[in-house]
Amino acid sequence: DFKAAISEFYKVHNPAKISEVDNLVEQFNTKRELLVGALERKYGLPLFEDSVEVEFGEGSLGIKIDEVPVKKGVPPAEGGPIQTVVVVTTFLPMQNGEKGPAEKSRRVAVGNIISHVNGESVLGMAGTEIQQKVVSSPRPMKITFMKPAFDASSQKYDLLQMSMRELYAKFGLDETTQNFIGHAMALQTDDSYLDKPAEPTVIACQLYGRSMGRYGQDSPYLYPNYGLSNLPEGFSRLSAIYGGAVMLRTNVDEIIMDP
């Protein structure tokens with residue numbers, strides 16, 4: 001879940017912050033996308049990995065890789081222990097001129113970060129170490145390629161200064177498309193967001209996109225399979241785990257909450 005993801009992220013990048021996770025999750029409960037964006041800008045790596053695992057047989061992988069510094073929004077000393085990553089910089093053809101295995105797979109892109117080799121994390125390792133691991137690993141070998149975190153400095157527009165209305169106008173989007181993006185994707189509850197900075201809405205749309213198919217369904221949302229009765233059923237099961245009793249066909253006398 002979200003809290004566990006934040007804890008795991010801090011475990012890698014800043015263990016001293018793990019004690020603050022509860023407060024952060026509560027503070028950003030309704031605007032989680034803002035917390036995700038802030039953490040990714042600070043530490044330079046994605047909180048929720050968008051990655052693919054590709055299996056390679058004998059021979060060349062068909063890629064050129066280089067060690068590059070992680071672009072962080074803070075001084076390196078404040079941005080966690082992972083200062084460099086190894087990325088795919090170009091595809092290399094085979095000796096016969098055909099595309100290499102990585103390019104043929106159509107799942108690897110230039111700019112992807114090599115995050116795992118045979119299930120072992122290699123984030124933060126030097127480029128020479130990763131190359132040696134790739135060369136010495138028995139085949140078939142599995143390499144995980146991860147998309148980098150969104151780089152706000154590379155965007156064309158200043159989303160903190162530009163309103164969402166202005167951003168829509170830049171792309172010439174009609175009213176129907178604006179309504180879908182703002183209310184169906186970003187879950188804005190009214191049109192006041194149009195005259196506010198565009199960044200929160202854009203980040204919410206990115207979260208929508210990352211959530212598509214995450215749990216095997218086409219929708220970015222979790223919903224009950226057998227109607228709304230699944231919701232009280234799930235609550236009653238969770239209640240039973242903690243020793244609660246469920247009484248059917250009984251009116252509610254009062255609701256007692258912990259102070």
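Q: In this predicted model, which residue forms a salt bridge with E8?
A: Side chains of opposite charge can pair when their charged atoms come close. In the predicted model, the closest N and O atoms of the pair that includes E8 are 3.1 Å apart, and a salt bridge asks for a side-chain nitrogen of Lys or Arg within 4 Å of a carboxyl oxygen of Asp or Glu. The residue that forms this salt bridge with E8 is K11.

Q: Why are E8 and K11 separated by about one helical turn, and in which helix do they lie?
A: E8 counts as partly exposed at 45% relative accessibility, and K11 counts as partly exposed at 48%. The two are separated by about one helical turn because they are three residues apart in a helix, and that helix is α1.

Q: Which residue meets K3 in a salt bridge, and how many residues apart are the two?
A: The side chains of K3 and D22 meet in a salt bridge, with 2.6 Å from N to O. This pair links distant parts of the chain, since K3 belongs to helix α1 and D22 to helix α2, which covers residues 21-27.

Q: Is K3 buried, exposed or partly exposed, and what holds for D22?
A: Buried means under 20% relative accessible area and exposed means over 50%, with partly exposed in between. K3 has a relative accessible area of 39%, while D22 has a relative accessibility of 44%. Because 39% falls between those limits, K3 is partly exposed, and D22 likewise counts as partly exposed.

Q: Where in the chain are the two partners of the salt bridge between D195 and R165?
A: The side chains of D195 and R165 meet at 2.9 Å, N to O. The pair links distant parts of the chain, 30 residues apart, with D195 in the loop between α7 and α8 and R165 in helix α6, residues 164-171. D195 is exposed, with a relative accessible area of 54%, whereas R165, at 42%, counts as partly exposed. The places asked for are therefore the loop between α7 and α8 for D195 and helix α6 for R165.

Q: How many salt bridges does a search of the whole structure find?
A: A search of the whole structure gives a total of 10 salt bridges.

Q: Is H13 buried or exposed?
A: H13 is found in helix α1, which covers residues 2-13. Leaving aside its neighbours within four places in sequence, H13 is in contact with Y43, L45, G80, P81 and I82. Its relative accessible area is 7%, and because buried means under 20%, H13 is buried.

Q: Which residues is E33 in contact with, leaving aside its neighbours within four places in sequence?
A: E33 lies in helix α3, residues 32-43, and is buried, with a relative accessible area of 9%. Once the neighbours within four places in sequence are set aside, the contacts of E33 are P200, I203, A204 and L207.

Q: Which residues gather in a patch of negative charge on the surface?
A: One member, E175, has its place in helix α7, residues 175-185, and counts as exposed at 61% relative accessibility. The residues that gather in this surface patch of negative charge are D174, E175, D190 and D191.

Q: What is the area of the nonpolar surface patch that includes L187?
A: L187 is found in the loop between α7 and α8, and it is exposed, with a relative accessible area of 52%. Together with Y221 and Y223, L187 makes a nonpolar surface patch of about 330 Å².

Q: Which residues are joined by a cis peptide bond?
A: The bond has an omega of about 0°. One of its two residues, P140, lies in the loop between α5 and β6. The residues joined by this cis peptide bond are R139 and P140.

Q: What is the phi of N118, a residue that is not a glycine?
A: N118 lies in the loop between β4 and β5, and it is partly exposed, with a relative accessible area of 39%. Although N118 is not a glycine, its phi is positive, at about 55°.

Conventions: Residues numbered from 1 in each chain as written. Predicted model: local features only at pLDDT ≥ 70, side-chain atom pairs only at ≥ 80, totals over all residues. Heavy atoms only, no water. Patch = residues over 30% accessible without salt bridge, like charges linked within 9 Å, V, L, I, M, F, W, Y side chains within 5 Å. Areas by Shrake-Rupley, 256 points an atom, 1.4 Å probe, with all protein chains shown as cover. Lys, Arg positive; Asp, Glu negative; His and termini not counted. Charge placed at Lys NZ, Arg CZ, Asp CG, Glu CD. Helix = DSSP H or I, 4+ residues; strand = E, 2+ residues; numbered from the N terminus. Buried < 20%, exposed > 50% of the residue type's maximum accessible area, 1.4 Å probe, protein only. Contact = heavy atoms within 4.5 Å.
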